[in-house]
Amino acid sequence: MGGRGAGKTRAGAEWVRSQVEGARPLDAGVAGHVALVGETIEQVREVMVFGPSGILACSPPDRKPVWEAGRKRLVWPNGAVAQVFSAHEPENLRGPQFDAAWVDELAKWKKPQETWDMLQFALRMGVHPQQVVTTTPKNTSVLKAILNNPSTVMTTAPTEANKAYLAASFLEEVRSRYAGTRLSRQELDGVLLEDVEGALWASAGLEGLRRSAPKAFSRVVVAVDPPVTGHGGSDECGIIVVGALTEGPPQDWRAWVLEDASVAGASPMVWAKAAVAAMERHGAERLVAEVNQGGDMVETVIRQVDPLVAFRGLRASRGKAARAEPVAALYEQGRVFHCGDLGGLEDQMCQMTTRGYQGRGSPDRVDALVWALTEVMVRPAGRFHRPAVRSL
């Protein structure tokens, strides 16, 4: 893990060379089948392969591999091969097998867990298959799981470690602008930041709430926090599925966050279909959605997908933080659990504070979570605590 410009790409390229090259140009190395995995095919090609610190730039002439564009692979003089893969298409890692892999910028992948899992199943060749991950850290569940793995060896480097090869004006500018900020610690010092000061949720607490879901629930709802607009630059559409057991008094109620089905940059029809599909997967009885921005349009779009869907429109009368506090209290009481990979949601949760959201963009996933838990836990529980009305 390292800051921007700390030399992560060069480290990854040199590690690949150490695996595939032998003592002489035609001698075999310890690895002969390598996976190069980045966020997109273009980023693998332009950064990991052809970049100024990539494999081709680091290789001497007698050991330099040849790029076969049609097959998206590098071939070394000794016969070693490195294939290129995109984290947007994890299924492409089904079938191939490798004895080494270089994973770049894992923390910013859109499908980190799926791609990582597929790569692990593919690393099955040779005596001791290994992989190197080069990334600027972000608070993602897949990265934290890797760091907690006993077989992981971690090294870190700040941006200044490579200052001899960086523009002096760049370092002076970014340090003066971001000094003392969390962004500086993450992007320049390469430090994994897990919590925001004053956050309603803490990463350590969320890690302790992972449980398997029961076979049946009293209620299952899908909550939607739709974006204001519907195009590639829009905020995400938060779609969260929650199941609850609400038998007995409210203090005995429990809820499970079953899935984060959020979609990014989607049109209204796309996110409506995703929400209805989530209902079908989990047998949800109701779909709730915030309608402050979209009004009647939200329900209209959803009913175009399923005219008979049980729908409730919700209007926010308080700020995001105020709405989130009763839900955060449920977590503090140990009454809400998480199932599966909810890294994107948890990242937003750990940046929601009493002062508002401290992350970038809008906390659409957290908003959907709050609406879902309010629907199945907070709102119904309120009926138990209303004072009885007596006539005189």
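These legends accompany close-up views of a predicted model.

**View 1. The open six-strand sheet.** Six strands form an open sheet in the order E2-E3-E4-E1-E5-E6. Pairing is mixed. Strands E2 (66-68) and E6 (130-134) are the edges, each pairing on one side only. From one strand to the next, the twist averages 20°.

**View 2. Helix H2 against the sheet.** Helix H2, residues 41-49, packs on the sheet. The helix touches E1 (33-38), E2, E3 (73-75), E4 (81-86) and E5. The directions of H2 and E1 make an angle of about 110°.

**View 3. The E5-E6 pair.** Strand E5 spans residues 100-104 and runs parallel to E6, with five bridges between them. One of the residues to look for is aspartate 104, whose bridge partner in E6 is threonine 134.

**View 4. Threonine 115 and its surroundings.** Threonine 115 lies in helix H4, residues 112-122. Its relative accessibility is 1%, so threonine 115 counts as buried. Beyond neighbours within four places in sequence, threonine 115 contacts Val37, Ala87, Pro90, Leu93 and Trp109. Proline 90 is 25 residues away in sequence, yet the C-alpha atoms of proline 90 and threonine 115 are 4.4 Å apart. The threonine 115 side chain also reaches the backbone oxygen of alanine 87, at 3.0 Å.

**View 5. Two buried cysteines.** Cysteine 58 has a relative accessible area of 9%, which is under the 20% cut-off, so this residue is buried. Cysteine 237 has a relative accessible area of 1% and is therefore buried too. The structure holds zero disulfides.

How values were computed: Residues are numbered from 1 along each chain as its sequence is written. This is a predicted model: local features need pLDDT of at least 70, side-chain atom pairs count only at pLDDT 80 or more; totals for chains, interfaces and linings use all residues. Side-chain values use heavy atoms; hydrogens and water are left out. Two strands pair if DSSP finds at least two bridges between them. Helices (H or I, at least four residues) and strands (E, at least two) are DSSP runs, numbered from the N terminus. Axes are lines fitted to C-alpha atoms, for helices over the stretch in contact, and angles run from 0 to 180 degrees between N-to-C directions. Contact means heavy atoms within 4.5 Å. A disulfide is a pair of cysteine sulfur atoms within 2.5 Å. Buried means under 20% relative accessible area, exposed over 50%, partly exposed in between (1.4 Å probe, protein chains only). A polar contact is a pair of N or O atoms within 3.5 Å; within protein, one must be able to donate a hydrogen and the other to accept it, and residues adjacent in sequence count only if both atoms are side-chain atoms.
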